[in-house]
Amino acid sequence: MIGSAAWHSFSRGPVELAYAEAGAGDHTVVLLHGLAGTAQEWAATMRGLAGTHRVVALEQRGHGHSTRAPGDVTRAAYVGDVVALIERLGGAPVTLVGQSMGGHTAMLVAAENPELVSRLVMVEAGVGGAAETELEPVERWLRSWPAVFPDRDAFVEFFGGSPGAAEAWADGLQFDAGGLAPCWDADVLVAALRAVLVLPRWRAWESVSAPTYLMLGEHGAIPAEQVERMCRRPGVSSITIADAGHDVHLDRPADWLETLNGVLTGNP
């Protein structure tokens with residue numbers, strides 16, 4: 001769990017957005033989880049950075065303690081939420097870190113609001129765009145989740161993956177009368193992901209002016225040819241973390257934190 005972090009919320013129209021905040025310092029790091037994730041998955045990252053940075057983890061619309069069934073799950077809505085958060089935090093340029101769908105959101109924020117982003121870190125994230133068939137396995141996976149897990153052990157067995165990833169995802173479950181429940185609705189997340197897959201955002205990618213770091217897992221999900229094309233843009237660095245999958249920050253937390261600290265200190 002996110003130990004000593006303080007929880008806050010703010011409204012953006014009909015949507016309530018929750019975020020965790022820890023640490024202090026002259027520079028702020030904003031963390032964006034991926035599809036079906038929560039701020040809880042950044043707990044180790046927040047603990048690791050809080051001694052030197054102000055660290056904020058947003059629970060994006062449709063996830064966690066934020067509004068569970070927002071009427072708008074367009075890319076513009078997610079981008080607007082992050083812009084509103086950064087402005088609420090003081091508006092100074094931040095290091096914006098996003099994993100998977102959160103990385104796609106972070107890219108669009110940096111492209112459209114260069115004054116708000118000093119560094120962009122995309123963790124197992126690309127430019128989007130894919131055939132509708134690529135949505136199908138994700139949708140099946142989301143809809144396969146039981147409404148309630150009797151306990152953490154049942155969830156960990158269901159989830160699989162690395163022990164670190166399973167435990168971090170378990171931290172994001174909410175207590176229910178019958179046990180532990182996911183904090184999202186599959187219909188909402190499928191619609192949100194469809195908005196990412198509808199087209200590749202190469203124009204936005206080329207518009208990003210902030211120094212950009214692609215953090216990839218050795219066994220990750222971003223196609224090599226897409227990474228190669230992304231790396232042609234000036235100011236882009238690609239870093240692969242050994243023995244990690246799509247949840248780089250959870251599969252290899254020590255290596256992830258060391259690498260992120262290197263980015264923040266200028267020695268990746």
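Angles between axes count as roughly parallel under 35 degrees, roughly antiparallel over 145, roughly perpendicular from 65 to 115, and oblique for the rest. The structure is a predicted model, in which local features need pLDDT of at least 70, side-chain atom pairs count only at pLDDT 80 or more, and totals for chains, interfaces and linings use all residues. Residues are numbered from 1 along each chain as its sequence is written, and side-chain values use heavy atoms, without hydrogens and water.

Start with two helix pairs. Helices (H or I, at least four residues) are DSSP runs, numbered from the N terminus. Two packed helices are described by the angle and the distance between their axes. Axes here are lines fitted to C-alpha atoms over the stretch in contact, and angles run from 0 to 180 degrees between N-to-C directions.

Helix α5 (residues 152-159) and helix α6 (residues 163-171) cross at roughly 130°, and their axes come within 9 Å. The two are therefore oblique to each other. Their crossing is right-handed: the near helix is turned clockwise from the far one by less than a right angle. On the α5 side, Arg152, Phe155, Val156 and Phe159 make the contact; α6 brings Ala165, Ala166, Glu167, Trp169, Ala170 and Asp171. Contact means heavy atoms within 4.5 Å. These residues divide into 7 nonpolar, no polar and 3 charged. Ala, Val, Leu, Ile, Met, Phe, Trp, Tyr, Cys and Pro count as nonpolar, Asp, Glu, Lys and Arg as charged, and the others, Gly among them, as polar.

Now turn to helix α2 (residues 75-89) and helix α3 (residues 101-112). They pack at an angle of about 70°, with axes 9 Å apart. So α2 and α3 are roughly perpendicular to each other. This crossing is right-handed. Arg75, Tyr78, Val79, Val82, Val83 and Ile86 of α2 meet Met101, His104, Thr105, Leu108, Val109 and Glu112 of α3. The contact residues comprise 8 nonpolar, 2 polar and 2 charged.

On a 1 Å grid over the protein atoms alone, a cavity is a set of points where a 1.4 Å probe fits but cannot get out; a pocket is an open set with protein on both sides within 12 Å along at least five of seven lines; lining residues have an atom within 4 Å of a point. The largest pocket is lined by 28 residues, with Ser100, Val138, Leu193, Ala221 and His246 nearest its centre. Helices α3, α4 (135-144) and α7 (186-197) each supply at least two residues of this lining. The lining holds 16 nonpolar, 9 polar and 3 charged residues.
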